Each structure stands twice: as structure tokens, then as C-alpha cells.
Amino acid sequence: MKFTLSWLKEHLETEASLDEILYALTDLGLEVEEVEDPASKLASFTLAKVKHAEQHPDADRLRVCTVETDEGDKQIVCGAPNAREGITVVLCKPGDYVPGIDVTLSVGNIRGVESHGMMASERELELSDEHNGIIELPSGEVGQKFIDWLAENDPAKVDPVIDIAITPNRPDALGVRGIARDLAARGLGELKPVAAHDVEGQYSCPIKVVIDADAQEDGCEVFAGRLIRSVKNGPSPEWLQQRLRAIGLRPISALVDVTNFFTYDRNRPLHVFDAGKVKGTLHVHRTKGGETMVGLDEKEYSFPEGCVVISDENGVESIGGVMGGLASGCTLDTVDVFLEAAVWDPIQIAKTGRVLKINTDARYRNERGIDPAYNMQAMEDAAQMILDLCGGEASDVVVAGSVPDVARAYTLNAGRVVSLVGMDIPESEQRQTLTKLGFRMEGNLAHVPSWRPDVQGPADLVEEVARIASLTKLEPKPLARPSVGVPRPILSPIQVREQMARRTAAQLGYNECVTYSFIDRASALLFGGGSDATMLENPISSEMSHMRPDLLPGLLQAAARNQARGFHDLALFECGPAFAGGEPGEQRLQVTGLLVGRSGPKDVHGASRPVDVYDAKADAEAVLAAIGAPAKVQVLRNGEGWWHPGRHGQICLGPKKVLGVFGELHPKVLAEMDVKGPAVGFTIWPEEVPLPKKKAATRPALELRDLQAVERDFAFVVDAQIEALTLVNAAAGADKALIEDVRVFDQFIGGSLGEGKKSIAITVRLQPTQTTLKEKDIEAVAAKIVEKVSKATGGVLRG
Amino acid sequence: MDDLKQKYLSAIADAGDEAALEDIRVQAVGKKGEVSLKMRELGKMSPEERQVAGPALNALKDELNSALAAKKSALADAALDERLRTEWLDVTLPGRGDRRGSIHPISQVSEEVAAIFANLGFAVAEGPQIETDWYNFDSLNIPPHHPARQEFDTFYMHRAEGDDRPPHVLRTHTSPVQTRAMEKQGAPIRVIAPGRVYRSDYDQTHTPMFHQVEGLAIDKDISMANLKWVLEEFFAAFFEIDGIKTRFRASHFPFTEPSAEVDIQCSWVNGQLKIGEGDDWMEVLGSGMVHPNVLSAAGVNPDEWQGFAFGMGIDRLAMLKYGIPDLRAFFDSDLRWLRHYGFASLDVPTLHGGLSR
């Protein structure tokens with residue numbers, strides 16, 4: 001919402017400075033977004049008088065002037081045709097910045113003659129496009145500041161333009177008067193009374209108005225109009241044009257400018273029809289669908305069913321409260337004008353505006369809410385202004401529907417203000433604030449002014465009082481902790497897990513990424529997503545059309561981007577939600593890591609090697625251990641299809657309880673996602689890890705054995721498809737009391753063993769608890785181990 | 001006897017290696033060595049002679065033995081020194097490096113925020129990111145067609161044909177967690193709710209996904225003055241600047257009343273933003289007293305309970321505190337950015353150890 005300081009002062013009697021007004025506006029919740037103060041760039045210029053002017057010795061078009069200034073007589077070379085003796089001019093001195101030519105002046109030498117400054121044209125001071133000569137002022141004293149002269153003689157030229165942001169609850173501040181009212185309530189002056197005109201109808205209005213039944217509910221509340229005949233339309237007076245121009249509106253004609261004036265002055269959109277082009281009665285009705293109208297913006301609109309429009313016998317003439325039609329619009333030739341003031345249902349305005357994609361000042365105001373109680377008076381005030389500017393003769397007023405009754409009142413609980421805001425505002429001050437804002441106090445009952453649709457309960461009264469009192473003055477008050485003493489932990493076990501998982505992954509060398517929760521459909525499809533349920537109705541681009549089914553596609557895309565930048569060895573991870581469906585709650589926390597390329601850069605120790613599935617497995621296990629997963633898990637195959645079918649494992653507690661998965665990415669997936677492999681990854685679902693049964697800090701007692709442990713190595717030849725874990729578990733089961741640990745330490749495939757065979761070597765650690773082991777005890781266990789392994793895997797001890 | 005002593009001591013001193021030294025030992029004090037042979041001769045001596053020669057021979061033997069031992073150890077040291085001399089390595093070669101991981105600024109700042117509010121008794125609440133339109137809007141006093149709805153640039157989820165429910169939305173703010181937390185826990189309550197939020201906007205300063213943290217405190221007598229104190233304390237703790245100046249401006253949000261936007265003091269010097277100094281103000285959050293309609297919607301009696309809520313951008317806090325210029329880069333996963341702006345895995349922010357790194 002833009003307005004000028006002088007416009008504001010039409011409604012506000014105030015001595016406050018511009019800065020005071022700007023501060024108050026922002027503090028009141030009418031946030032100042034921009035101020036354009038033309039005076040600021042003219043501040044250094046003063047008036048001077050040309051005492052003498054003569055031809056430049058070396059240039060036909062230049063004159064050498066002696067100019068009387070506040071610093072004595074100066075010599076200035078000037079090329080303006082009107083530079084002559086006796087005129088009062090605007091002087092720019094050396095050191096001044098001249099905005100129109102973007103130059104900071106210095107003493108010049110023009111064809112051998114020194115020049116101490118310049119005399120400015122209007123264009124050089126950005127006052128207008130006038131550049132035929134320098135400014136000649138009809139009055140003013142030498143040394144007077146130019147801005148002071150302007151303020152006195154041509155105030156519009158130094159009128160600051162203020163642009164404020166309007167929150168949706170404050171339609172009243174979409175009129176300058178509403179803004180003035182807020183400032184007056186703050187104490188920055190007095191709200192000036194506004195004239196209420198009364199234009200007596202000279203004749204009966206020949207145009208009838210009707211609100212059809214289908215538009216009476218949630219359509220149009222009241223539709224009033226009157227004819228003003230024999231007007232003389234033309235350009236509006238300069239003061240009005242200037243005001244509109246100052247806030248960025250184009251003056252069109254007196255009739256149209258009047259409606260724009262009321263829109264900005266009083267938040268009161270109006271419409272004027274050229275009555276000569278209206279045929280028959282004006283009907284307010286809903287569209288059936290398919291009607292068309294060319295709007296004042298010269299675009300054709302085609303209506304869906306249900307828009308509220310105004311039609312005559314020629315068809316749709318205006319989109320009620322949104323935009324008028326071109327056919328019945330006023331032109332400079334308009335002689336008879338039909339003035340309309342109506343109250344529309346705000347929701348219906350919003351719907352119509354949205355569906356037709358029309359954004360006008362009228363729509364903006366009508367959908368936020370205008371003052372319905374002003375509707376009939378607006379008819380008078382606007383008619384008077386038209387008569388004043390264009391002459392003519394007004395008819396009586398025709399009305400369809402009735403002005404809605406928005407009267408309501410809420411109890412002011414002065415104590416509540418103090419308790420809720422925490423600010424000690426005396427009751428008398430509270431009442432005064434509300435009164436100044438237009439509330440009518442009746443005992444403790446505050447009657448809401450008709451221009452404040454946002455006030456809907458006692459809490460809104462509190463807000464008004466606090467806002468006007470200024471939240472800047474609010475004294476902070478300590479908030480006691482809910483319980484005295486040392487604060488207790490507040491994170492839930494899952495939240496702690498998330499942090500642990502994240503920091504463990506970072507400790508393992510992964511860089512944490514935060515990627516978008518939505519990805520493209522093709523990538524989503526690769527990872528089991530891409531269904532319509534997870535699709536956005538209005539995605540910002542096709543790259544972000546579906547909720548991600550998994551974190552891997554986002555990380556793979558990140559890897560591809562980094563590879564394109566020349567980084568080939570990557571360890572990326574993310575901790576965040578993946579979406580299985582489109583309902584709230586169909587999201588699950590994942591921790592996903594991705595390794596691409598080599599384990600590290602080439603190095604002198606020869607440690608760099610391509611990443612493989614065992615890197616991913618180790619990291620998955622480390623993250624699981626960090627979040628308290630049990631050490632004993634199963635590793636099952638048959639995971640999702642984006643893994644290499646033979647090189648992945650699901651970390652499970654039983655076949656249904658999957659805690660995580662690790663593996664090598666399927667080469668097809670890598671190719672689709674444009675990632676150069678090798679690439680391995682893991683995912684952990686922290687919520688799947690069972691919570692510990694009881695939460696006690698005490699550890700079980702440490703049992704240390706004094707007896708010597710014994711380690712024995714075994715190598716078994718088994719079929720190549722036999723899994724090491726099966727063998728290890730079989731060995732460990734041979735004597736659960738004695739065998740403390742079984743470790744695989746070597747694997748050898750093929751070679752002398754023959755096709756389809758491999759050898760797995762294990763170390764078994766035996767820890768006796770009662771007596772020292774004798775050789776025959778060890779041999780007995782060893783035999784049992786061989787037997788168990790053989791039974792479970794068909795393996796034989798390697799000779 | 002002195003000759004004997006001199007002869008062997010000088011032989012020991014001259015011995016070049018352990019083998020030579022062993023030869024000398026055998027010659028001198030070995031079983032058939034010169035000194036041993038002389039000791040055998042003691043038996044043939046008179047008691048008087050023996051009394052003189054015996055101790056002298058023993059002393060000689062001891063002296064030679066210790067000279068041998070000393071020489072042996074000296075030779076071993078020399079040999080070791082010689083070996084070590086050959087074992088020189090170029091220690092300027094790089095160590096066996098590990099990959100260095102990093103924590104994303106959003107995670108770090110979220111933990112910083114949680115640490116501060118935990119101290120004031122706020123728990124961490126969570127809610128779904130695909131949200132019903134009721135939780136995201138209606139429950140927060142934003143009925144259908146409220147003009148505020150249009151200002152959110154909401155992402156809507158697709159609705160299957162025949163499903164006439166209003167479409168779900170990607171939550172446009174963390175505020176629906178207020179409603180969910182109050183439904184679950186009732187009052188009194190103190191929670192913060194950090195997380196991802198979504199708005200259909202993409203330009204220099206906007207991304208379609210960003211992060212907010214919501215705050216909610218409901219009790220019998222919590223006032224806006226308490227809100228101001230909490231936020232000022234928060235900013236002082238978060239930016240680690242005592243007495244950081246804030247400005248409360250009246251504003252409007254449908255879910256709070258009265259409402260305030262909060263600015264913090266800042267300056268722009270050569271394009272660099274500095275928090276806590278200068279004459280400019282930077283808007284950092286929206287806040288206010290929870291609207292009675294919001295309390296009612298969540299099943300909390302507004303005649304009995306009152307309190308405040310606020311919401312601020314985590315990404316923005318991170319940008320302000322750590323001088324990160326571009327929001328869009330947060331979600332680009334550029335390795336160079338992650339390394340430059342990321343945090344070490346063990347840099348866990350704590351109040352006692354400090355929040356900034």
C-alpha cells in the first residue's frame with residue numbers, strides 16, 4: 001500500500017516528522033517497506049540569482065554568468081538558452097551530487113573559463129523530463145534551500161512516498177484514512193473529520209438494478225447505483241493526477257480517477273459504467289459457464305460456472321467487485337455515468353479472482369473486506385466529487401439487497417490485557433485506545449467499528465491495545481523453568497538415536513547432505529516410489545514431482561553432481577524421512593550412507609582401493625552398534641531390486657524385522673542415475689531397533705577369567721555358495737560354554753580346490769572357566785567343531 | 001699381573017665386534033684362559049703367596065669381566081645405532097589418512113537450538129511432513145478461503161479420483177506440530193518442533209524446502225513479556241552475544257494474538273552481515289500469544305490456559321550465525337560446501353562447552 005505524506009496529512013493533523021511517522025507505522029504493524037523521499041536528493045541545493053551573463057569568448061552557445069550565491073558571487077559557465085541576467089535559479093555547487101546526470105560536481109574549466117558549479121534544469125534534478133533550459137523560479141531568496149522553497153510553493157515535488165506491507169487482517173489500512181486512524185490512536189496527531197456529503201437526487205434513476213436469486217447468498221449483499229447525466233469527462237485536475245501518479249497509478253480520466261481515489265483514500269472500490277452503453281436493467285447473477293467478457297485490461301475472460309457478474313441485455317458488463325468490462329467502461333466521450341457501490345462476499349471474490357487469474361486493486365480490497373457501513377455514504381461522497389469535477393446532474397439512488405449488519409461487541413477485560421501481554425496498561429488508556437480506533441465503548445462492551453472485519457473476539461481487543469501501546473515498550477520477564485533445579489534430558493530415545501547415528505556416520509568419514517524431500521518420477525520409480533499417492537499436485541518442477549521413497553536416489557543425484565565437478569571418491573550420507581505413501585505418518589526415518597569410487601585418494605601407502613560391499617557392511621554395523629542394536633543379527637538376502645542381487649544383505653532380527661540393509665548398487669540403477677561406480681551403500685531404520693527393556697545405568701559385573709584361553713585355527717573346504725556366517729554359527733554351537741569367539745580370518749576360492757569350492761579359515765577361541773584345558777579336552781572340542789560344521793555346511797577339514 | 005691386565009684391557013677396548021670380544025673372553029677368563037690357568041696355579045703357592053695372589057687374581061677376573069660386559073653393551077649400542085641409521089624414513093610423507101566426515105549446518109544448528117531450549121524445559125516434538133489441511137490450516141485459525149492461505153504458496157498432494165477429502169499438503173510451517181503436541185500432551189506444555197517445511201517458491205533467497213523451529217509454551221500465566229524474555233535469552237545464547245538487541249514489532253498471524261515479528265540488531269559492512277551491532281534490523285521470527293481458537297482446536301481450554309508460540313527459520317539462523325551466503329547451496333550437497341560449512345562429528349554443541357564452532 002503506497003501513499004504520500006501529504007495525502008496522509010489530508011486525514012491526520014500532525015506535527016510529527018517523517019521519521020517519527022515511519023517508526024510508528026512499523027511499530028504498529030504497518031511495516032514500512034520502502035520510503036522514497038525526493039527531498040533527500042535535493043537537500044544540498046540552494047537558490048541563487050544571475051547578476052550578469054555574457055557570451056563565452058570561445059563558444060557560441062555558452063554564457064559566462066556571474067551568479068550571486070550564499071557564498072558570494074561565483075562565475076558559472078552555462079549552456080542553457082534562458083541563462084540571463086535577473087533570473088532566480090537552483091544552484092549546484094562543487095562537491096554536490098546531481099542525481100539526473102549522476103555526477104558529483106567539481107570546479108570545471110570550460111573552454112578556458114573556470115566554472116564554479118552549475119544551474120540545474122528540472123531533468124538534472126529528476127523533477128521532470130524538462131530540459132529546454134535551467135529552472136527559473138518566480139520567487140525565493142538567494143541562499144534559501146531549494147527543498148524549503150519547494151515545500152512552500154510546490155509541495156508535491158518533495159512529497160515522500162511511503163510503501164507499507166499490509167497483513168491480511170487489516171483491510172482498513174488499505175485506505176489512507178485507516179492508516180491515519182492508527183497513527184492518531186498512537187498519539188501522532190488527530191484524525192481530521194471527513195465531510196459526509198448528501199447529494200439529492202434530481203430525478204428518478206432510469207437504470208434499474210436487481211440481484212438475482214442465485215447471487216443473493218454468498219454473492220452480493222447490496223448493490224447500489226445512481227445515474228449522473230450530462231457530465232463532461234476529461235483529464236482530472238492536476239492535484240488528483242499528481243496523487244495517483246505519486247503512488248504509481250496512471251491517471252485516466254476524471255471519472256475513473258475518482259474511483260481510484262476512493263479506492264486508496266477510503267479503501268472503497270467503486271465502479272463507473274458508461275450509462276449510454278448499458279442496455280436495460282443491471283442484473284447481478286451467477287454465470288452458467290461459457291459467457292465471455294472483455295475486461296478493462298482489454299483481455300477476454302471466459303467464465304466458468306458460478307462467478308458473480310453484472311449483466312445487461314448486451315451480456316456480461318462487469319465482474320462484480322473484481323473488474324469492469326471494456327464495452328460499458330467510461331471513456332472521454334462518456335456523457336451519462338452510472339456509479340456503482342456494492343458489498344460483495346469476500347470468499348466469492350477470492351474464488352472468482354483466483355479462477356480468472358485477475359489481480360486488481362478492487363479484488364484485493366473486496367476479498368479482504370471493505371467497510372459495508374460506508375456503502376451508501378460512498379454513493380454520496382463519490383457523486384459529489386464527480387459533480388465537482390465533471391458537472392452533471394445526479395439521480396436518486398437505486399438499491400438491490402441491503403447493507404449487511406456487521407454490528408458486534410465484545411467485553412473488554414482490562415485485567416486480561418495485563419495478564420496476556422504482561423504490560424501494565426491502565427484501563428482508562430485501554431478504553432481510550434479502542435475509542436480512537438473507532439470502537440464504541442458501552443460500559444465494558446466494545447462495539448467493533450464496521451471497517452474492522454478482523455476483530456472477532458475479546459482476544460482481538462487485547463491485540464489492538466497492545467499494538468497501539470507498542471510492543472517495543474514491553475519489558476521482558478523471566479520464564480521460570482517448569483521444575484526447580486538441574487534440567488532433565490528432553491530428547492526421546494529415537495531423537496537421541498538420530499543424533500548418534502548422524503554423528504557416527506560423520507565419524508566414519510561420511511559428509512552429511514540435506515537433499516530435497518521430493519525427486520523426479522523416474523528416480524522415484526527406480527526405488528519403489530513414483531506412485532500417484534506420493535505425487536505433488538503442483539510441483540515446482542518435474543525434477544521435484546514425487547515424494548522420495550528412499551534417501552538413496554537423492555544421494556546418488558548428489559554424487560552425480562559432485563562427479564561432474566570432478567570429485568570421484570565420495571562418502572555421503574543423509575538422515576531424514578522417506579515417504580511410502582501420501583498420508584500423514586506414511587514417512588519413516590532413514591539413515592543412508594553412500595560410498596562411491598575409491599576408499600580414498602591414491603596414496604603413498606597403497607591403501608586406496610575401490611569401495612566394496614564390506615565397507616558398507618562395516619559402516620552399517622557401526623551405526624547400528626552406536627544406536628544400541630543387538631550384536632547378534634541375521635544377514636538375509638532378497639532385498640530390494642536396486643541392490644546388486646548377489647551383493648547385498650539385510651540386517652535382520654528374524655525375517656520380518658529388518659533393521660538395515662547394505663550392499664552394492666545395481667549397475668543398471670547407477671547407469672540410469674548417471675553415477676560412475678563402484679557405489680555401495682547402506683540404510684538403517686533407527687525406529688526399527690528395539691528399545692532396551694529397562695533403563696538402568698548399572699552395567700553387569702565384569703567377569704574376568706584367570707585361566708588361559710586357547711586359540712585353534714581350522715580351515716574347511718565348502719561349496720562356494722556356503723555362507724561364512726552359517727559356518728561360524730555351526731562352529732560356535734559346538735560348545736557354547738567353552739567357545740568364546742569364532743572369527744573368519746581367511747577365504748580362498750577355486751585354485752587347487754577345484755571349480756565351485758572355497759576354503760574358509762576360522763579361529764576359535766576357547767575360554768575355560770573351571771580348570772585349565774588339557775590337550776585331550778581341546779581335541780574333543782575340535783572334533784565336535786568339525787562335526788558340527790560338516791553337518792551344517794557339508795564342509796570338510798582342509799588337509 | 002699388571003701386564004696381563006693391560007694386555008687384556010687394551011684388547012677389549014680394541015675389539016671390533018662381538019666375535020672378537022668373545023675370543024678375548026675365552027683367551028682371558030675362559031676355562032682355559034690365561035687368568036683361569038693362573039688361578040689354577042694358586043694351589044701350588046705358599047699360603048702367604050696365595051694370600052696376596054688370590055685376591056689379586058679375583059680382582060683381575062672381575063675387572064676383565066666387567067670390561068667385557070661394558071664393551072659388549074657398547075658394541076650392541078653401536079650396532080643398534082648403526083641399524084637405526086639405516087632405518088631413516090621420510091616423515092614428511094602423509095600419514096595413513098582417514099576420510100573426514102562432516103555434519104550439515106542444519107543438523108548442527110538444530111542441536112544448538114535444542115540445547116538452549118532444553119535448558120528452559122522445552123522438549124522436542126515432531127509431526128508428519130505430509131499434513132492434512134486441517135492441521136496445517138484450520139486448526140491454526142486459518143479457515144478455507146482465508147486470504148492468509150494464499151500467502152503460503154502451498155504444495156498440495158495429488159488426490160485420487162473419487163477421493164473427495166481436501167487434498168493433503170506438504171506442511172507449510174512447523175505450526176501444525178503445536179496442535180498435535182497439545183492434543184497428545186494437553187497443557188501445561190513446553191515444546192520446540194524443528195523440521196522440514198515446504199513452500200512453492202524458488203529464487204535467490206527461497207527454496208521449495210527449508211527448515212523451521214516452532215516453539216510453544218502453554219501454562220496458566222505465561223505472558224508476552226515471558227515470550228520476549230525467552231527470545232532475547234535465546235538470541236544471546238545462540239549468537240553468544242550478551243545484551244543483543246531485539247525489536248518487537250506488532251504484526252499479524254492468524255494463529256497468534258497479539259502477534260509480533262522480531263528483528264535483531266545487525267550491520268552491513270562491505271556486504272558482510274554482522275549480528276549484534278550497527279543500526280540495521282534483520283527480521284528473524286514471527287511470534288505471539290497462541291490464539292484461543294488454536295487452543296480450542298487442540299482441545300485445550302483457552303479460559304484456563306494461555307501461552308506463546310514462535311517460529312523461525314533454522315537455515316536462516318545458520319546463515320546469520322555462520323555467515324553462509326546462499327540458501328540454495330544448503331541443499332545442493334556440493335562436497336566443497338559440505339566440507340567448508342560442515343562441522344566435525346565430535347563437535348557436539350553443549351551449553352557448558354559452548355555452542356559455536
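In chain B, the residue B:E240 lies in the loop that runs between α9 (224-239) and β6 (246-253). The model is a predicted one. Although B:E240 is not a glycine, its phi is positive, at about 55°. Most residues other than glycine have a negative phi. Is B:E240 buried, partly exposed or exposed? There are 14 other C-beta atoms within 10 Å of B:E240, and the residue therefore counts as partly exposed, since this class lies between the limits of 12 or fewer for exposed and 20 or more for buried.

A:S230, a residue other than glycine, has a phi near 60°. A:S230 is placed in the loop between β16 (220-229) and α6 (238-246) of chain A. Because A:S230 has 11 C-beta neighbours inside 10 Å, it counts as exposed.

The backbone also deserves attention at its peptide bonds. Most peptide bonds are trans. Which residues of chain A does a cis peptide bond join? The residues are A:G677 and A:P678, and omega is about 0°. A:P678 belongs to the loop between α18 (667-672) and β38 (679-684) of chain A. In chain B, the peptide bond leading from B:E257 to B:P258 is cis as well, with omega near -5°. B:P258 is located in a strand, namely β7 (residues 256-269) of chain B.

The next topic is a sheet. In chain A, three strands in the order β27-β29-β28 make up an open sheet with antiparallel pairing. The edges are held by β27 (409-411) and β28 (440-442) of chain A; each has a single partner strand, so one side of each is left without a neighbour in the sheet. On average, and with direction ignored, neighbouring strands of this sheet are turned by 25° against each other. Between β28(A) and strand β29 (residues 445-447) of chain A, which run antiparallel, there are three bridges. Opposite A:M441 stands A:A446, which is in β29(A).

Finally, the two chains may be considered together. How many residues of chain B are in contact with chain A? The contact involves 76 residues of chain B and 82 residues of chain A. On the side of chain B that touches chain A, α9(B) supplies the largest share, seven residues. The residues of this side of chain B comprise 38 nonpolar, 22 polar and 16 charged ones.

Definitions and conventions. Residues are numbered from 1 along each chain as its sequence is written. Chains are lettered from A and ligands numbered from 1 in the order in which they are written. This is a predicted model: local features need pLDDT of at least 70, side-chain atom pairs count only at pLDDT 80 or more; totals for chains, interfaces and linings use all residues. Helices (H or I, at least four residues) and strands (E, at least two) are DSSP runs, numbered from the N terminus. Two strands pair if DSSP finds at least two bridges between them. Axes are lines fitted to C-alpha atoms, for helices over the stretch in contact, and angles run from 0 to 180 degrees between N-to-C directions. Two residues are in contact if their C-beta atoms, placed from the backbone, lie within 7 Å. Ala, Val, Leu, Ile, Met, Phe, Trp, Tyr, Cys and Pro count as nonpolar, Asp, Glu, Lys and Arg as charged, and the others, Gly among them, as polar.
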